[in-house]
Amino acid sequence: AGELLARASLARSGQAVGPGGADPEIVGHLEECLRLLPSDAHATRALVGARLAVALNTPSAAARRALVCRGALDDARRSGRDDVLAQALAARHRALWDHSDLVGQVETAALMTAAARDCGNRELELQSLQLRLVDALEQSDIGAAESSIEEYARLASEFRQAPYELRLRLFRATCALVDGDLAGAEGLVEEAHQVGSSAVPVAAHSLAIARLRGPHEAVRSRLHDFVGAYPAATLPRIGLAALHAADDRRDAAAPAFERIAARDFVDVPRDDEWLVSMSLAGDVCAYLGDRRRAERLVELLRPFAGRVAVSHANASCHGSVSRPLGSLMALLGRWEEERGCLGGAIEVDARLRAPIFVARDQLGLANVIACSGVEPGAVDRAVKLAREAELAATRLGAAGVVAAATRLAVALEAGALLRKG
């Protein structure tokens, strides 16, 4: 009975975990399967446990997810099947997000690749290469990221299937964005959109580009489509709030932010988009001046300082987590910590070789230097940084960054942001 129920639940739960989390009914079925399966049904227990570990993505379920994941790995090793082990390792990779363990993620993804190759399962190998790509981007290793993409392209060519072609275009769009080729990135995203015929897979990439380049109307439409497909998803909602903030539309940004922050983010699932979503929330929170939520977001984001915010779903890249973390520190008046964060963001994004993200980081640092205003020549230094960001963004065609840098530089030069007393 346990085996039959397990097969039915695995088939039913194949698409159960999308943006926003899993269906609680599916989670319940998987839990029941584990309870009913005999202890020596190692392969089936491992597969059910791996699927359950992925589904248990709410913060309150972190301890249960870790326990289930350990059990799945133990059963997978006892089963002696490399394909089962690869799937259990994929679940472990996700569980490690709860602990911000990037070293563990890298090791786990490498083990998954090895297991997939040992059993000759190319689809599992492709999944592992996507995990390795995301890990490389998160640690600013663009060389390793590019190598993973080329390996992915080689394997994907054997299948010639739309989902792999779509992801490959998005992966290459990420590299183009990092390189500062915003027009090239946008073109690749549009190609991916044509392959997939849906706005959902490309929404995070469109958002990353639009926040730098503008305009925002087309990406708003895609984010609304995303919300329609996944009403519980966080990314499209906080993405819309971030666009409202960029357009200085406080009346629209505030209620959009409040829908996500209402319970201080405790019910935001740790899904593929969590780190990107929380980084965007940091930007919106700083814009709105919400000091209470800023304290909570600092707690959530601080363990990820030094990382790049990357969507695990399709590897869209949004720059250093330390930049929004620094903006939150500034809101809280922690000026020295804020400068450390923004200095760290510049280092992270420079190591990523992402000139447009570096320009945006410089703009943030210019703003805090001007606002703190405690050092002699602070305003002159801030103007210099803002103009450098403006020049770099102009060269790269990042109209959104250009506009913000110009506004800050002009205001500083006019004495509008000088602090008195």
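Trainee: Which helix gives the largest share of the lining of the second largest pocket?

Mentor: Bear in mind that this is a predicted model. The elements that give two or more residues to this lining are H11, H13, H15, H17, H18, H19 and H21. Seven residues make up the largest share, and they come from H21.

Trainee: How much space lies in the second largest pocket, and what is the make-up of its lining by class?

Mentor: The space in the second largest pocket is about 1200 Å³. Its lining is formed by 36 residues, and those nearest the centre are Tyr-287, Leu-363, Asn-367, Ala-404 and Arg-407. Sorted by class, the lining residues are 19 nonpolar, eight polar and nine charged.

Trainee: Are H17 and H18 roughly parallel or roughly antiparallel?

Mentor: Two packed helices are described by the angle between their axes and the distance between those axes. Here the axes of H17 and H18 come within 8 Å and cross at roughly 165°. Angles over 145 degrees count as roughly antiparallel, and therefore H17 is, relative to H18, roughly antiparallel.

Trainee: What is the handedness of the crossing of H17 and H18, and which residue classes make up their contact?

Mentor: The crossing of H17 and H18 is left-handed. On the H17 side the contact includes Leu-325, Met-329 and Arg-323, which meet a set in H18 including Trp-335, Leu-342 and Glu-338. By class, the residues of this contact are seven nonpolar, three polar and three charged.

Notes: Residues are numbered from 1 along each chain as its sequence is written. This is a predicted model: local features need pLDDT of at least 70, side-chain atom pairs count only at pLDDT 80 or more; totals for chains, interfaces and linings use all residues. Side-chain values use heavy atoms; hydrogens and water are left out. On a 1 Å grid over the protein atoms alone, a cavity is a set of points where a 1.4 Å probe fits but cannot get out, and a pocket is an open set with protein on both sides within 12 Å along at least five of seven lines; lining residues have an atom within 4 Å of a point. Grid points are joined across faces, edges and corners, and a volume is the space filled by probe spheres set on the points. Helices (H or I, at least four residues) and strands (E, at least two) are DSSP runs, numbered from the N terminus. Ala, Val, Leu, Ile, Met, Phe, Trp, Tyr, Cys and Pro count as nonpolar, Asp, Glu, Lys and Arg as charged, and the others, Gly among them, as polar. Axes are lines fitted to C-alpha atoms, for helices over the stretch in contact, and angles run from 0 to 180 degrees between N-to-C directions. Angles under 35 degrees count as roughly parallel, over 145 as roughly antiparallel, 65 to 115 as roughly perpendicular and the rest as oblique. A crossing is left-handed if the near helix is turned anticlockwise from the far one by less than a right angle, and right-handed if clockwise. Contact means heavy atoms within 4.5 Å.
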